[in-house]
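The exercises that follow are meant to be worked with the coordinates open. Each gives a task and then a solution in steps.

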Amino acid sequence: QVQLVEFGGGLVQSGGSLRLSCAASGVILGIDHMGWYRQAPGQPREVVASITSNGNTNYADSGRGRFAVSRDNNKNAVYLQMNSLKPEDTAVYYCKLVDHPPFDRPHEYWGQGTQVTVSS
């Protein structure tokens, strides 16, 4: 069983920065990619950023230029550096891991979420 634990959420003023961390544990056979999603109250969950096993990154328009996703393959960890935060970035942020073992379908795993609140 794979478990993801997120760290680093909190309350920050508009224009501030936060760094989210996510560490995966358990039996992981072949990480395809890891990423960050967020969900604001009353809104659907949306992708923020993702990073593949070889370091290719993708960003949603909302965070491009302000957010940076990175990973440590040795630690099965993924990070999200968020700068120039805005009140509209307020949401619960979730870490996601897609494990794709050989000869098997991909498996998705999610963290429990960490609250990010940006005050104006």
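This is a predicted model: local features need pLDDT of at least 70, side-chain atom pairs count only at pLDDT 80 or more; totals for chains, interfaces and linings use all residues.

**Exercise 1.** Carry out the analysis for S84, stating its phi, its loop and its accessibility.

*Solution.* The phi of S84 is near 50°, which is again positive in a residue other than glycine. S84 sits in the loop between strand 8 and strand 9 (91-99). With a relative accessible area of 43%, S84 is partly exposed.

**Exercise 2.** Find how many disulfides the structure holds, and characterise the geometry and surroundings of the cysteines C22 and C95.

*Solution.* A search of the whole structure gives one disulfide. This disulfide is formed by C22 and C95, with their sulfur atoms 2.1 Å apart, and the torsion of -80° about the S-S bond makes the link left-handed. The pair links distant parts of the chain, since C22 is in strand 3 and C95 in strand 9, 73 residues apart. C22 is buried at 1% relative accessibility, and C95 is likewise buried, at 0%. As a further step, look at V78: leaving aside neighbours within four places in sequence, the contacts of V78 include both C22 and C95, together with M34, W36 and I51. V78 is also named among the residues that touch the most other members of the largest nonpolar core, a set of 27 residues. Strand 3 (18-25), strand 8 and strand 9 are among the strands that each supply at least two residues of this core.

**Exercise 3.** Determine whether K96 is buried or exposed, and which side chains make polar contacts with the side chain of K96.

*Solution.* K96 lies in strand 9, and its relative accessibility of 8% counts as buried. The side chain of K96 makes a polar contact of 3.2 Å with the side chain of Y37, and another, of 3.3 Å, with the side chain of E108. Beyond neighbours within four places in sequence, the residues in contact with K96 also include L4, H33, M34 and W110.

Conventions:
Residues are numbered from 1 along each chain as its sequence is written. Side-chain values use heavy atoms; hydrogens and water are left out. Helices (H or I, at least four residues) and strands (E, at least two) are DSSP runs, numbered from the N terminus. Buried means under 20% relative accessible area, exposed over 50%, partly exposed in between (1.4 Å probe, protein chains only). A nonpolar core is a set of buried Ala, Val, Leu, Ile, Met, Phe, Trp, Tyr and Cys residues joined through side-chain atoms within 4.5 Å. Contact means heavy atoms within 4.5 Å. A disulfide is a pair of cysteine sulfur atoms within 2.5 Å. A polar contact is a pair of N or O atoms within 3.5 Å; within protein, one must be able to donate a hydrogen and the other to accept it, and residues adjacent in sequence count only if both atoms are side-chain atoms.
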